[in-house]
Amino acid sequence: YTWPDPKLDELESQIYDLFGYNFNAFPGFPTAVNPCTLDFFDTGAANKNRSNAADWIRTAYHDMATYNTADGTGGLDGSIQYEQDRAENVGDGFNNTIRFFQTSLSRYLSVADSIAIAAKIAIEVCGGPDIPFRGGRIDATGPNNPGVPEPQQDLASHTAAFKRQGFNPTEMITLVACGHSFGGVQHSAFPDTVPLDDGLDDESLPFDSTPFTFDNTIAVEYIQGTTRNPLVVGANDTTNSDKRIFASDGNVTMKGFAEDPESFKTACASQFANMLNQVPSDVQLSEVIEPLPVKPQLPFLLFTGDGTLQFSGQIRFWNMSESSSRTIKLLWADRSGNTDASYTGVLSHASNWAGTNKAGQTTALWYKIGSLNQTQPEIDIDEETGISKFWFEVDEGDGSAVRTEDQNGAAFVLQDAVMLADSTCNNGTLVHIDIAVRSDANPSRVYVEYDVQVPNGPGTIITVDTADAALLQKGVSSTYDLWTVDLPKTAISTTLKAAVNIAADIGGNKVTTSYFRPFVGGQIGYKRCA
Ligand code: HEM
């Protein structure tokens, strides 16, 4: 896709900026599955086979399992929030999962996409295959029809349930084996399947001897006859659903998985992806989100009133490794689209500004707009000529040709009609947001947008609220007027991200700035009011 696309930009960060210099990814899914034995809701040694990773994967399946291919209803839509009182959703793993990312939801990050991202990251970080990711799941506002398979049901009803969900019998065996590569069955949820050992409050019996890692042990132990899977060798044969499912094709599929770990991995990659992509028929998922080769993060213009616009932000270069000889130049076109030899500035880089989606690797380098030198930390743009787009020239300094990074000619578009003014301040309880608006823009409305989490029974709905700005001073500089709005901290404190953006309706179009965090340190426009 072409930057900027706020929703895809957010999702891209959530799946690629996971380790290292990863301030973007929020809440930081990998922190909960690195190591994969982590269990945030651990109640003691008795639960030692449980993990966040297993909870997240089971949550994705149970949310999806209401899908009905015939009428396009159900699927991965966050409806699990409203379905936890059902017998088919016994256990606290769903609530644990949703609680983890509840505070980071935004208009760009739905509950349903968060569930899908959590499962994808758990699988990938814990030894599993890469799962291609498509985004744009929309949250249901109430429950779907029931439909999650339960262990006491017979093979015919499981086959029918998976068919309804869009999986044929081989895919059913595959998806169950892939999912049950993680975690196990808990006594408290399934007391008949898992007896309680003396002296324990609760315990979980794993499906295989490696419940924290994706691997084909689930199949190897099953085929060898050494499995302790409580849904295969449980004392009550009625609830041995894995046994019935695994054996349903004469063990052909499980034998293949036991003999060839790579074939298991490949098969799981495609069935996990299918699971995450079963969404209601009125939801249109994006294309598979690939990492952007060059990605601006919070490119920001700040109106100073001294004749310049301060341009700051960070740029991520994917698939780049450290080099002391490299220099990267930023170039821009002015408001009229013209270029000039003077429209250029440096990007700076420090050696620990490296990140990746794989633990222990370096995949991307981060550069900052402006120099590292504190006296010139951003690039100053003449407010009279302004900016309309920017791009980069990468010189490896090794004699190879200088490379232009401009999104195949589209460049990186940046509007300069509305922006934060540096007179913005906060007094602890409200932020006094000053907005510079280009005098020739004639906006019909200038406003601030912010996300609000609205409780909806046991679930959450994200809405976008707005606060309108009023004109404060015409001609505050040669090119700009000043508008202002007061936003109480309570308005934006319902999301941990606490981010807002400035918008204006100009000539029938909506123009906006990036999301920024007026109350949180380290970003722009949050100084204390005098
Ligand atoms: C006929 C289909 C299935 C049945 C009857 C079934 C049954 C169960 C049961 C009884 C548990 C124990 C839950 C607990 O103790 O809280 C469980 C756990 C789990 N299931 Fe399934 N399952 C099925 C399919 C799947 C699928 C398709 C996936 C994912 C692809 C999956 C992923 C998991 C995971 C990861 C756990 C471990 C949870 C933990 O340790 O906290 N299951 N399953």
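**Exercise 1.** Which residues in H3 meet which residues in H4? Then find how the two helices are set against each other.

*Solution.* The model is predicted.
- Step 1: list the residues. From H3 come Thr 97, Ile 98 and Phe 101; from H4 come Val 111, Ser 114, Ile 115 and Ala 118.
- Step 2: sort them by class. The contact of H3 with H4 has five nonpolar, two polar and no charged residues.
- Step 3: take the axes. Those of helix H3 (residues 93-101) and helix H4 (residues 111-125) come within 10 Å and cross at roughly 105 degrees.
- Step 4: name the arrangement. Angles of 65 to 115 degrees count as roughly perpendicular. H3 and H4 are therefore roughly perpendicular to each other.

**Exercise 2.** Describe how H2 packs with H3.

*Solution.* 
- Step 1: find the geometry. The axes of H2 and H3 are 9 Å apart, at an angle of about 100 degrees. That makes H2 roughly perpendicular to H3.
- Step 2: find the residues. H2 brings Asp 55, Trp 56, Arg 58, Thr 59 and His 62. H3 brings Gly 93, Phe 94, Asn 96 and Thr 97.
- Step 3: sort them. The contact of H2 with H3 holds two nonpolar, five polar and two charged residues.

**Exercise 3.** How many residues surround the ligand, and which elements supply at least two residues of the shell?

*Solution.* 
- Step 1: count. The ligand is surrounded by 27 residues. Gly 91, Pro 149, Gly 179, Gly 183 and Gln 186 are the closest.
- Step 2: assign elements. At least two residues each come from helix H2 (52-64), helix H6 (169-179), strand E2 (184-186) and helix H8 (241-246).
- Step 3: find the top contributor. H2 gives the most to the shell, with five residues.
- Step 4: sort by class. The shell has 14 nonpolar, nine polar and four charged residues.

**Exercise 4.** Which residues does UniProt list for "domain: Plant heme peroxidase family profile"?

*Solution.* 
- Step 1: read the record. The unreviewed UniProt entry lists residues 109-316.
- Step 2: describe that stretch. Over residues 109-316 the chain is 36% helix and 12% strand. The end C-alpha atoms are 21 Å apart.

Notes. Residues are numbered from 1 along each chain as its sequence is written. This is a predicted model: local features need pLDDT of at least 70, side-chain atom pairs count only at pLDDT 80 or more; totals for chains, interfaces and linings use all residues. UniProt positions are given in the numbering used here, feature names are shortened, and annotations may be inferred rather than shown by experiment. Helices (H or I, at least four residues) and strands (E, at least two) are DSSP runs, numbered from the N terminus. A residue is near a molecule or strand if its C-beta atom, placed from the backbone, lies within 6 Å of it. Ala, Val, Leu, Ile, Met, Phe, Trp, Tyr, Cys and Pro count as nonpolar, Asp, Glu, Lys and Arg as charged, and the others, Gly among them, as polar. Axes are lines fitted to C-alpha atoms, for helices over the stretch in contact, and angles run from 0 to 180 degrees between N-to-C directions. Angles under 35 degrees count as roughly parallel, over 145 as roughly antiparallel, 65 to 115 as roughly perpendicular and the rest as oblique. Two residues are in contact if their C-beta atoms, placed from the backbone, lie within 7 Å.
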